[in-house]
Amino acid sequence: ATCALLNAVDFASVNFENEGEQKYIMQMIFEGTQSPDVRTRRASFECLVAITMAYYHKLLPYMNDLYQVSCKAIQSDDESVALQAMEVWCTIA
């Protein structure tokens, strides 16, 4: 499901205009960053990179959560996940 979302991020603009749908999407992605499966965690951070590129102006309410999950991943996760977590911040910069 995370990979499907990654492929559909560009088409989710209507969903990101609806606050409830936006919250649900972000909640699911943040939950994915905590999955026991490394592929799901990596794909979740890939989604966050894509969302950051497409919807940066919508991310302010999620910055604290984004900081928390990405710091954890950078410090202690598999290298492939940590690299995607760093890419989120490179995209923001």
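Biologist: Which residues of helix 5 are buried?

Modeller: In this predicted model, the buried ones in helix 5 are Met63, Leu66, Val69, Ser70 and Ala73. They sit on the same side of helix 5, because they cover an arc of only 135° around its axis.

Biologist: And what's exposed on the other side of helix 5?

Modeller: Asn64, Gln75 and Ser76 are the exposed ones there.

Biologist: OK, what covers the buried residues of helix 5?

Modeller: The cover includes helix 3, which is residues 19-32, along with helix 4 and helix 6.

Biologist: How far apart are the end C-alpha atoms of helix 5?

Modeller: They're 20 Å apart. Helix 5 runs over residues 63-76, and at 1.5 Å a residue its 14 residues should span 20 Å, so the two agree.

Biologist: Let's move to helix 6. Which residues are buried there?

Modeller: Val81, Ala82, Ala85, Val88 and Ile92 are buried in helix 6. Looking down the axis of helix 6, you'd find those buried residues within an arc of 105°, so they line one face of the helix.

Biologist: What do they pack against?

Modeller: The buried residues of helix 6 pack against helix 4 and helix 5. On the other side of helix 6, Glu79 and Cys90 are exposed.

Biologist: Same length question for helix 6: what span should it have?

Modeller: Its 14 residues should span 20 Å at 1.5 Å a residue, and the end C-alpha atoms are 20 Å apart, so that agrees.

Biologist: Which residues form a nonpolar patch on the surface?

Modeller: Met86 does, together with Ile74 and Leu83. The three have about 240 Å² of accessible area together.

Biologist: Switching to charges. How many salt bridges are there in the whole structure?

Modeller: A search of the whole structure turns up four. One of them joins the side chains of Lys58 and Glu17, at 3.4 Å from N to O. That pair links distant parts of the chain, 41 residues apart: Lys58 is in the loop between helix 4 and helix 5, while Glu17 is in helix 2, residues 13-17.

Biologist: Is Glu17 buried or exposed?

Modeller: Glu17 counts as exposed, because its relative accessibility is 56%.

Biologist: What does Arg41 form a salt bridge with?

Modeller: Asp77, with the closest N and O atoms 2.8 Å apart. Arg41 lies in helix 4 and Asp77 in the loop between helix 5 and helix 6, so this pair ties together parts that are 36 residues apart in sequence.

Biologist: Are those two buried or exposed?

Modeller: Arg41 has a relative accessible area of 13%, so it's buried. Asp77 comes in at 22%, so Asp77 is partly exposed.

Biologist: What about Arg39, where is that?

Modeller: Arg39 is in helix 4, residues 38-55. The side chain of Arg39 meets that of Asp37 in a salt bridge, 3.5 Å from N to O. Arg39 counts as exposed because its relative accessibility is 56%, and Asp37 counts as partly exposed because its value is 26%.

Biologist: Last one: which residues of helix 3 are buried?

Modeller: Gln22, Ile25, Met26, Ile29, Phe30 and Gly32. Seen down the axis of helix 3, its buried residues fall within an arc of 155°, so they line one face of the helix. Helix 3 has 14 residues and reaches 20 Å from its first C-alpha to its last, close to the 20 Å expected at 1.5 Å a residue.

Note on methods:
Residues numbered from 1 in each chain as written. Predicted model: local features only at pLDDT ≥ 70, side-chain atom pairs only at ≥ 80, totals over all residues. Heavy atoms only, no water. Patch = residues over 30% accessible without salt bridge, like charges linked within 9 Å, V, L, I, M, F, W, Y side chains within 5 Å. Areas by Shrake-Rupley, 256 points an atom, 1.4 Å probe, with all protein chains shown as cover. Helix = DSSP H or I, 4+ residues; strand = E, 2+ residues; numbered from the N terminus. Buried < 20%, exposed > 50% of the residue type's maximum accessible area, 1.4 Å probe, protein only. Expected span 1.5 Å × (residues − 1). Arc of directions from axis to C-beta. Contact = heavy atoms within 4.5 Å.
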